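Hi everyone, thanks for making time. I'd like to walk you through one model today, so let's bring it up on the screen.

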Amino acid sequence: MKKLNIKTIAFAGVLIAMNLVLARVLAINIGPTLRITLSTTPIFLAGLWFGPAVGGICGVSADLLGCMLQGYAPNPFILVTSLLSGVLPAVMKKYLFHDRINLWKIAVIVAAHGLIGSLGFTTVGLHIFYGTPWAVLYTTRVIQTVALVIANSILVSILYQSPLTTFVTRELAVQKVSRS
């Protein structure tokens, strides 16, 4: 793992805060098992910008803090999904796409997370926690996942290919040079 510096920690904190606002304030709740939110966008960016360790820490921290703010116990299956939202983008970017990212590659990353996380771990966690029948969960979650894959792919792509990425990576490069 790369040595963490104060700027990485600060950027990670801002991304966690963005996740909390998007997930807890700007979310549309449709029943106990369905929520429309773009809260994974900052965590995907954390993974793409800072790597799997920081991305995973951001995902887990945001989920745990969100649970504390809303007063419920963390669901371990949903916690795994949160972890994967920061780890998967970094791992796929480096090993599958060799650090060459565009809209379609981001869509593949987000879709993989949707299949493994939302339709996999989260659905299992919701089934166990709420006892909702599989058919009901999958019917609603497939529609939700497709819509969120499209929306998150576009949003992550716009933000990742914006000057913001240049700013973040330049700031981290300046920090590395000044330490040397």
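So, the protein has 7 helices and 2 strands, where helices (H or I, at least four residues) and strands (E, at least two) are DSSP runs numbered from the N terminus. Reading from the N terminus, the order is α-β-β-α-α-α-α-α-α. The radius of gyration, taken over C-alpha atoms, is 16 Å, close to the 16 Å that the globule rule gives for 180 residues, so the protein is as compact as a globular protein of that length. That rule is 2.2 Å times the number of residues to the power 0.38. The C-alpha trace spans about 55 × 35 × 25 Å along its principal axes.

A word on the ground rules. This is a predicted model, so local features need pLDDT of at least 70 and side-chain atom pairs count only at pLDDT 80 or more, while totals for chains, interfaces and linings use all residues. Residues are numbered from 1 along each chain as its sequence is written, and side-chain values use heavy atoms, with hydrogens and water left out.

Now to the inside. Buried residues make up 44% of the 180; buried means under 20% relative accessible area, exposed over 50%, and partly exposed in between, with a 1.4 Å probe and protein chains only. Among contacts (heavy atoms within 4.5 Å) between residues at least 6 apart in sequence, 70% join residues at least 24 apart.

Among the buried ones are Pro42, Phe44, Gly47 and Trp49. After α2 comes Gly51, with a positive phi near 100 degrees.

What about the largest nonpolar core? By that I mean a set of buried Ala, Val, Leu, Ile, Met, Phe, Trp, Tyr and Cys residues joined through side-chain atoms within 4.5 Å. This core has 28 residues, and Trp49, Phe50, Cys58 and Tyr160 touch the most other members. Two or more residues come from each of α1, α2, α3, α4, α5 and α6, and α2 gives the largest share, 7 residues. Beyond four places in sequence, Trp49 is in contact with Leu15, Leu159, Tyr160, Leu164, Thr165 and Val168.

Last stop: is Asn152 buried or exposed? Asn152 sits in helix α6, residues 134–160, and is buried, with a relative accessible area of 3%. Setting aside residues up to four places away, Asn152 touches Leu38, Thr40, Thr41, Phe44, Val110 and Ser157.
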